[in-house]
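Student: Could you walk me through this one while I have it open? I would like to go element by element.
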Amino acid sequence: MGVIASFKKGFARTHRAKGMVFFLFIVNIIISLLLFVPMYDSLKGSFGKRLIADRMLKGFDYTWFLQFSQNAKGLAASFKPEVINAGAFLENISALERAGFLREEAIVFMIGIFYLLLSIFFAGGILNILSSTEGKFSLSNFFAGCGGYFLRFLRLFFLSLIFFVPVYLLSFYLSSLVYMKYADYGAEMPVFIFRTIITALTFFLLFLVDMIFDYAKIRTVAEGSRSMFVETFRSIGFVFKNFGKTLGLYYLLGVVSVAIMAIYGFLTGCFHQTSLSSIILGLVLGLLFILGMIWMKVNFYSAQLSFYEGRR
Amino acid sequence: MVFYNLGKGNGLIAQGGKDMRRRWIGGWIFLLLLVFSASSFASSLQRPFAKRIANYQMNVRLDVEKKIVSGTEVLTWLNTSKQNIGELRFHLYMNAFKNTESTFIREGLRDVRRGRAWRRALGKKEYWGYIDVKKIALVDETGKEIADLTKTMAYIQPDDGNPYDQTVMKVILPKPIAPGKKVKLKIDFVTKLPRCFSRTGWVRDFFYVAQWFPKIGVFYEGKWNCHQFHANSEFFADFGIYDVRLTVPKGYIVGAGGRLIDKKENPDGTITYHFYEEDIHDFAWTAGKHYLVYHDQFVYPSGHKVNLTLLIQKEHKSQKDRYLKAFKAALKCYGTWFGEYPYDHFTLVDPAYGSGAGGMEYPTIFTGGTSLFPAKGSLSPEGVTIHEAGHNWWYGMVANNEFEDAWLDEGFNSYSDERTADAAYPPGKLYRRYFGFPYVFNEVEIKRIDRQLARYRTGAKYDILSRFAWEYMNGSSYGINAYSKPALMLWTLRGLLGPELEGKVMKTYFERARFTHPKPKDYFKVVNDVTGEDWSWFFNQLVYGSEIVDYSVASISSYPTGRKVGWFDEQGKRVFYAGQKKQKGKRIYHSTVLVRRIGEVRLPVEILIVFENGEKVKKVWDWKNQYRWVKFTFDKPVRVKYAVVDPEGKLALDIDYINNSLTREEKKLPAFKWAYRWMIWFSHFLETISFFS
């Protein structure tokens, strides 16, 4: 099966399991809401009974923010104006490239790690549903997959760190090398160009590792294997044997993800959120954006599963 | 080029009869006024602008391979004191870069803010710099040597006694210089330039040459004022004439703090540039291979023209217009508010990447600073351009002692550049760089004063303003007390005096202090003179104290009155009231607004109280006998909606912005709006981190 066919089939598969997408979305939102409440209280406590509230409704009061952020501790310290519009995803994508998650506030980081473990747990359920004959979502099948594959996928996760960590180390090393080499050059352009190349290389390697381990999970489910070492090596073999196509499919899915982000960034920038209705609209757009991201996460699995099945 | 519109209706239009004659006379009066105003600049500022005490003739050569500037300096120094002076003191600033034990490097490496960057910058042998005085001799008017003083040279350390520090040198004269007499010295020197990481030096084929020659100290208040070079300090020097010949290899573009008189090609493949300027107190220059050169002109209403030169790195070519616009904004605003820039040339240098030479001022030349792809709507490179250009007023002309009263130029200039940016540009926008490219958050406007307040808040009580620059607790405190606090203090004074009177204060201070070495008391005197009041209560608290300004609306309440409960003696009878739910007549609310002074500093503060029907009541809480709190009570048919202290934001120094207002009812929607936006970011954060699953 080719890239486009896998892509289409993957979309159809995800569509069939749309209940699962909604379930994953609800889980994400529930976890986010756990922190939304204290964040809301924190902001309300800071400016709810101040005239700053009016300015924060009309726009953003940076004078307030500077004081707030200087005094904020814990979760409140993670509030930043960069959450506006496209900043919401640019911050995170940029953090992905720099391993910036490690610099997040402890509470945010801890919840992130919890969600990562939960995602590892859910990955088994997702693939179990997608690879089932009907492909329809049911909680029992989903959690059967979650439980059935969790330990194996956890082992895969630790194995993936053996690849991810060196990618970051390489990226940091190359960056410092560029800065050192061009420190005395007297022009910024070479630094910029090399830094851009390093960014591209870092993303390429991160995506490659991610793709390999996606196929390792797919193979584990499809083949019912138990040795994660073996599956990792076989996935590497599979990816490199079909390098152009696996990469093409992955990047095609990536382009759709970027398009969703771009659309969200564009749409939220089109209107000012100064009234209840516009704020609700902004919230709905934001939720649709997150739903879109989760839909794409499932799509990555389903399209790659379809591709793997087609090449089996 | 900038020209000022002279206004409409000034033309000499003949209409006949009385009217025509009146207009004709009016026209002549206007013309006379025009001529007067045009000449007023010249008449108010006649050469020499300053007492020319330290006059330098220098002839030096730049060796671009060895990073060495060598040559001769002929210094003519005038004893303007009433004492006989038998010893001269010189700054040898470049020795700060000689080793890790110089006071400058010691202090810098200990500083959290700088330490890491400096350690990295001092890695290699060729990165270090120094200055060697090879010979110093007393010469007569014709230049003939009278006495060789080289053997009398000695390094001294008047500030910290650090024996390794060689940034101040003294020389003993064979015979003291009598008051009003001049002395002429010929000095042969070699300066090895450091890898530039702090104002001066080289990066590849870019040279920014500052603090590079033996520079005489200032004989001031009966003694030498010649401090060592410190990490947290700038400079102090007397005015004079600088007549400098710079020889550099062909292919290098040269800019300097003087007028280019001529340039001559030499047979050895070098070019000698001759720069000359009067009434300046330092001389910096640059040579580089990658500059693009642009010329422009700024014209004051008086007709005074300033030729502008922009030396910009090729990779920043697209930012030429942004640089020049900011350059002119500074000339216009500072010129209008304080006084015209009196020289006829001004050079802006865009330094090389990673040079550490950016954002520094020298007379008639300064460095800006930018990066690739600057964000639209941000004030970069505009902010630094305005600030450093502005230093030619506060430092260049008003030449206070930066070692001892750093705030007097940095604070004044920060305040002035903020006003300029406010006048010339819309508020800056927040931006962040993602993958090297800027993303602008249009919703987030940044006032320049915001950052000053934020910085001040981090260490408001570390020090008092009035301290020597290197004696502040650390680099952060230097930043707070040299820049942020004085700027906020001036904004506060502007708020209290009003723009017109405060504008008059600044203009008067500039006019009195230019081409002198003013001290804080000179500024305080101007404030008192112009306002006709004694403002020592203000400056004593803010310049000589480290307490903070913080006023807060602590509480507001409104409750209905007239609801009687209990026994009341009315008309000779004792009546019991059980409390009625509904009162007859119009309901009256008893409202209370409690305002607290949390900080120790007392300033006059306004309080605005707004009622539900839109009625506004303004109260003033005078600074004299100001207690810790004040309570305002009202009995009105409406409740208080909100109260705000300092509603017009006059007290820029008020450290707590959040507690300045209080509303009776809580608003939840704004918090919801920002909490949900944060939540979307967080939800996406979770999805992004699940990439590793």
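Student: Which element do the buried residues of α2(B) pack against?

Tutor: Bearing in mind that this is a predicted model, the buried residues of α2(B) pack against α3 (115–121) of chain B.

Student: And which residues of α2(B) are the buried ones?

Tutor: In α2(B), which covers residues 103–110, the buried residues are T103(B), F104(B), I105(B), E107(B) and G108(B).

Student: Moving on to α5(B), how many of its residues are buried?

Tutor: Nine of the nine residues of α5(B) are buried, and the helix is mostly covered. Among them are V384(B), T385(B), E388(B) and A389(B).

Student: What do those buried residues pack against?

Tutor: The buried residues of α5(B) pack against several elements of chain B, namely the helices α4 (320–337), α6 and α7 (448–458), together with the strands β21 (345–349), β22 (360–362) and β23 (365–367).

Student: At what angle do the axes of α5(B) and α6(B) cross?

Tutor: The axes of α5(B), residues 382–390, and α6(B), residues 406–424, cross at roughly 130° and come within 9 Å. Because of that angle, α5(B) counts as oblique to α6(B), and the crossing in which α5(B) passes α6(B) is right-handed.

Student: Which residues meet there?

Tutor: From α5(B) the residues are E382(B), G383(B), I386(B), H387(B) and G390(B), and they meet N413(B), S416(B), D417(B), T420(B) and A421(B) of α6(B).

Student: Now the sheets. What is the strand order in the one that contains β15(B)?

Tutor: That open sheet of four strands in chain B has the order β9-β10-β18-β15, with antiparallel pairing. Its edge strands are β9(B), residues 201–203, and β15(B), residues 253–256, each of which pairs on one side only, and the twist averages 10° from one strand to the next.

Student: How many bridges join β15(B) to β18(B)?

Tutor: Four bridges join β15(B) to β18(B), residues 285–288, and the two strands run antiparallel. G255(B), for instance, has T286(B) in β18(B) as its bridge partner.

Student: And the order in the sheet with β3(B)?

Tutor: There the order is β6-β7-β3-β11 in chain B, again an open sheet of four strands with antiparallel pairing. Since β6(B), residues 154–155, and β11(B), residues 215–216, each have a single partner strand, they stand at the edges, and one side of each is left without a neighbour in the sheet. Within this sheet, six bridges join β3(B), residues 85–91, to β7(B), residues 168–177, and L88(B) stands opposite V171(B) in β7(B).

Student: Which residues have the most contacts inside the largest nonpolar core?

Tutor: Those are L246(B) and A643(B), in a core of 253 residues. The largest share of this core comes from α11(A), residues 276–311, which gives 13 residues.

Student: What is L246(B) in contact with, apart from its neighbours in sequence?

Tutor: Leaving aside neighbours within four places in sequence, L246(B) is in contact with V60(B), L62(B), V254(B), A256(B), T272(B), Y273(B), F275(B) and W285(B).

Student: Last topic: how many residues of chain A are in contact with chain B?

Tutor: 75 residues of chain A are in contact with 62 residues of chain B. Among the elements giving two or more residues to the side of chain A that touches chain B are α7 (139–181), α8 (189–223) and α11 of chain A, while the largest share of that side, 12 residues, comes from α2(A).

Methods: Residues numbered from 1 in each chain as written. Chains lettered and ligands numbered in written order. Predicted model: local features only at pLDDT ≥ 70, side-chain atom pairs only at ≥ 80, totals over all residues. Pairing = 2+ DSSP bridges. Axes fitted to C-alpha atoms, helices over the stretch in contact; angles between N-to-C directions. Core = buried A, V, L, I, M, F, W, Y, C linked by C-beta atoms within 7 Å. Buried ≥ 20, exposed ≤ 12 C-beta atoms within 10 Å, placed from the backbone. Contact = placed C-beta atoms within 7 Å. Parallel < 35°, antiparallel > 145°, perpendicular 65-115°, else oblique. Left-handed = near helix turned anticlockwise from the far one by under 90°.
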